Structure formats: C-alpha cells, structure tokens
Amino acid sequence: MQRFLKQKLCSWRLFLLWTLLYIFFMSDAAAQVHLKGEVGGNLTFRCPDVKSKSIDFFYFQKNNSFINGYHLSKDIPTEAWSNTRMDDKDRTTVHMFNLKASHEGDYECYIKYSDDLVQTIMKLSVTANYSKPQTTQECHDGLSCVVHCVSHGGYPRIRITWDVLDSHAWKLENNSEVQDPDTLMVNSSSSASFNCSSGKLRSIRCCVGDSTSDHITVCKPEDQTGKQLYMNMLITATCIVLLSTFAALIYSIYKHINREQGKGRKQEAKEEWAGEVLCLTVKPEDT
C-alpha cells in the first residue's frame, strides 16, 4: 500500500513538473491580475478562462506549491490551505477566507484545455489599517517640546509623517517600525521636537496611512493657577507658623515677667514681716 502511494505521489510530481516545463517553453508571457485584500477579511476572485472550451484541469498554487484545484481524470492532493475553496458552480473561481499578511504575494492559475495551457499571475496585496495615532508631549522650561506619536497593528510597514504648518519650528527626531515576527503586523512610532521661541504652535498632527491623530497644540503657556494656589497655601501656612511662634514667645515672656514680679512681691512681704517682728521684739525701756 505504501509503495502504491509513493508511486502515485511520484507520478503526480512528474506530471506537475511536465506542466511547468510546458508553460515555460510553449506558452506566451503570463497575464497578470492585481488583487487587494484586508487582514482578517475574505476574498473571491476568478482566474480568466475561455468559456467555450472544456477545461482538463485547473491548478491554483503559490511558489510552485499546490493550494487548490481539480483535474478531470486524475486524483489530486487534498487542498494544502484550509482557508481556500473552489466555487461549486464556476470551477475557476477561488474563495479565500481569513486573510493574513503572510498571504500576500504572487499566485499562479494554470488552466489546461485540450489544445492549450494558460497561465495567469494573480498578484495579491494585503493591507491592515493602523490604529488611530496617539500623541504625548514633554515640554522643557517653555523653550522646547518633544511630541511622541504611536500607532499599532498595521500592514504593510509605513512610516509616520507629521503635518505642521510652520515648517521651520520643528525637527524630526526619529522614526521606528517594529514588525511582529509571527503576524507580520507593524507598530509605528515617531518623535519630533518643536521650538517654542515663537509661542504656541497649533493644528499639529501625525499620520500613518489613512489614520490621523487629533490636532494638538504645543508650546502652550504653562498654567499658573495650580502654582499660584500652592504658593498662596505655602505663604498662609508660613504666616500661621510665624504667628504661632510669636504668640508662644510673647506668652513665655509674659509668664516669666509675672513669675519675677511674684518673687519680688514675696520678698517685699517677707522683709516687711521681718521688720514687724523686730519691732515687736525690741521694746523701748521705761524711763
């Protein structure tokens, strides 16, 4: 059984090789058809054929690898790609589902008639819209600002561009496109610096493909409300501390003075009492 399968597979490969050699030497230059699809979407297309002729076989492949098709008199391998299907009514129409970025490329349609073999190149380009760019900005002492722009999940690789009215007030710092090795999706980012010597710069935005950020304004005067409130609170707190310290100092001095005055009165009372005792003790002699 295994020997039979190997022989069958070998004969299939020889037949396919003969077909390719025939196309290379006997057919005219292949026609080209351009197709467009989106990541995650579906695509239906038809390989051109001559309706008045009977088709012996139709092969759809990429890079010489069989994807789908049929043959009138031979068994062909099961479809290599599960996301493709031949149309039940029109046998040269192909349905592709759940497109990925890796599906982009050139495909070949081979249609064999009894008297001719026709090749058509189907050039498929796949795209994915980038997310809406998001911006953040950092300003330094009111002299300059740096704005960062980031967008995710697009295809193919596209650089971020900037839309600035005053072309002399800014400079591109860097651009970066990072591609996921598995999905091939790209995250794009960019940074630009702006000179604030001329004041506010309005209506600035960044773009990647068809996605555009909101308009922003850079070099805006710093809001002083928060700082002023903080300074007012600091001054008030300082005044309260100083007044409390001063009141405590006055109270301490007052207590000290009262204490000293109390000591003086006690001393005077003691001296007065001692004098009275002395007068009572020493009486004048009778004459």
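I began with Asp90, which is buried at a relative accessible area of 18%. The scale I used calls a residue buried under 20% relative accessible area, exposed over 50% and partly exposed in between, with a 1.4 Å probe and protein chains only.

A note on the source: this is a predicted model, where local features need pLDDT of at least 70 and side-chain atom pairs count only at pLDDT 80 or more, while totals for chains, interfaces and linings use all residues. Residues are numbered from 1 along each chain as its sequence is written, and side-chain values use heavy atoms, with hydrogens and water left out.

Next entry: the partners of Asp90. I found a salt bridge between Asp90 and Arg46, with the closest N and O atoms 3.1 Å apart. Asp90 lies in the loop between β5 and β6 and Arg46 in strand β2, so this pair ties together parts that are 44 residues apart in sequence. Arg46 counts as partly exposed, at 35% relative accessibility. For salt bridges I took a side-chain nitrogen of Lys or Arg within 4 Å of a carboxyl oxygen of Asp or Glu.

Salt bridges with shared partners join Arg46, Asp49, Lys51 and Asp90 into one network.

I then checked the remaining link, Asp49 to Lys51, a salt bridge of 4.0 Å from N to O. Asp49 is buried, with 16% relative accessible area, whereas Lys51 is exposed at 57%. The structure as a whole holds 11 salt bridges.

Last entry: the sheet. I see three strands in an open sheet, ordered β2-β6-β5 and paired antiparallel. Strands here are DSSP E runs of at least two residues, helices are H or I runs of at least four, and both are numbered from the N terminus; two strands pair if DSSP finds at least two bridges between them. β2 (43-46) and β5 (84-86) stand at the edges with a single partner strand each, so one side of each has no neighbour in the sheet. Between β2 and β6 (residues 93-96) I noted antiparallel pairing over four bridges. Phe45 stands opposite Val94 in β6.
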